[in-house]
Amino acid sequence: MAEYRALEQFVDDIYTCNRTRCGFCSVECPVFRVKRMETYASRGRMLVARGLLEGILEPSAEMQEVMDACLMCGYCQARCALENLDIFSAVRRELREAGFASPKHEQTAERILETGTLFDRPMPFRRVGTTPLYLGCAYQSKPHQVQTIVSVLEKVGLDPLVSDEVCCSYIISAVGFEEEFQRAQARFRQVYGPHLEKEILTVCPTCTATLRDEYGLQVKHALVAVAERLPGMTIKPINRRVTYHDPCHLGRMLGVIEEPRQILKALGMELVEMEHHGVFSTCCGGGGGVFDVDRALAVEVAKNRVRDAVAVGVDIIVTACPTCQPTLLRGAGRLVNELGVFVDVLDLWELLDQALD
Ligand code: SF4
Ligand code: SF4
């Protein structure tokens, strides 16, 4: 029987789930909501893990497809008491060792290791300042958004220092490419070395969680710093009725739930909550590399999240993530005919910049 060293450390969790089978993880798993098949929810993935451990199942392309369809959004883990996400990454590690990994993910890992970035950077942004600000690849690929963020930080009295940076490489770790992740992490430490001992301001939720949890760095999401500085500032109110989509990493994993809401209220907006929000928010569809391997699934997940907004009578979603905003916009675009309305998706940083003018 094959040895599955990465999985064996989670044997207690896997059997606990198999014995419990409570299913709290499943109902709002965004992938289960689309596929309606148990295999695609955490409970089903845990059975796959057990099947591998007991030699009942062999690694296969079908198993890889099931694991690649996980958004790594952490909804199941928030509903459960187990290490769900680490177990899914371990299954992916085992599958890759057995020769089953998506060529797309292989290309992504190669690209990050070769170029230090996940996306094209038109012109890497740099700024002399005093407080290290790590932008991350997604924002570095969107110069206009970077200008907006820096403008907001300046307006609230911060002096961001943007220096050379490389990708945090979250995606390589999430899909189970452990050895590549270690190499990418070593390069990050080399390039970002001068700032590693300081508190680093961050803007991408996924980078923030990765730098904190995988690299052990002291990070502070810049929205938290902004929320602390807003009271007493002159604000031009934006009178809109909106809902807020919590990015999985920002809300569920980093606990930055109240600050974006405080900001929206301070900007004069009426906030209507969707049924699933805060710790139990659901994914936009852009997580876990799913968009790279199954674009149709990612779009269906995004459409469901947009439907959540429409269900509470709102046609503006505000969010604060360079992945969530374009993903939700894609879903909103595909729903125009069905809903007869275009649900707009706005970036909280843009709103802050307008209101602080
Ligand atoms: S993954 Fe957790 S919540 Fe889901 S069935 Fe297993 S024990 Fe229950
Ligand atoms: S991480 Fe998200 S997509 Fe994956 S099984 Fe859990 S709830 Fe479903």
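Begin by selecting ligand 2 together with helix H3 (30–35), helix H4 (42–53), helix H6 (75–79) and helix H7 (84–97), each of which supplies at least two residues of the shell around this ligand; helices here are DSSP runs of H or I with at least four residues, strands are runs of E with at least two, and both are numbered from the N terminus. This is a predicted model, in which local features need pLDDT of at least 70 and side-chain atom pairs count only at pLDDT 80 or more, while totals for chains, interfaces and linings use all residues. Residues are numbered from 1 along each chain as its sequence is written, chains are lettered from A and ligands numbered from 1 in the order in which they are written, and side-chain values use heavy atoms, with hydrogens and water left out.

Stay with ligand 2 and show the 14 residues around it, of which Cys29, Arg45, Cys70, Cys73 and Cys76 come nearest; a residue counts as near if one of its heavy atoms lies within 4 Å. If you colour this shell by residue class, you will find 11 nonpolar residues, two polar and one charged, where Ala, Val, Leu, Ile, Met, Phe, Trp, Tyr, Cys and Pro count as nonpolar, Asp, Glu, Lys and Arg as charged, and the others, Gly among them, as polar.

Next, turn to the salt bridges, each a side-chain nitrogen of Lys or Arg within 4 Å of a carboxyl oxygen of Asp or Glu; the count comes to 22. Select glutamate 178 and arginine 93, whose closest N and O atoms are 3.8 Å apart in a salt bridge. Glutamate 178 lies in helix H12 (residues 178–191) and arginine 93 in helix H7, so the pair ties together parts that are 85 residues apart in sequence.

Now select aspartate 159 and arginine 127, a salt bridge with 2.8 Å between the closest N and O atoms.

For the last pair, select aspartate 353 and lysine 155, which meet in a salt bridge at 2.7 Å, N to O. This pair links helix H20 (residues 348–355), which holds aspartate 353, with helix H10, which holds lysine 155, 198 residues apart. Finish with Arg33, Arg305 and Asp308, which salt bridges with shared partners join into one network.
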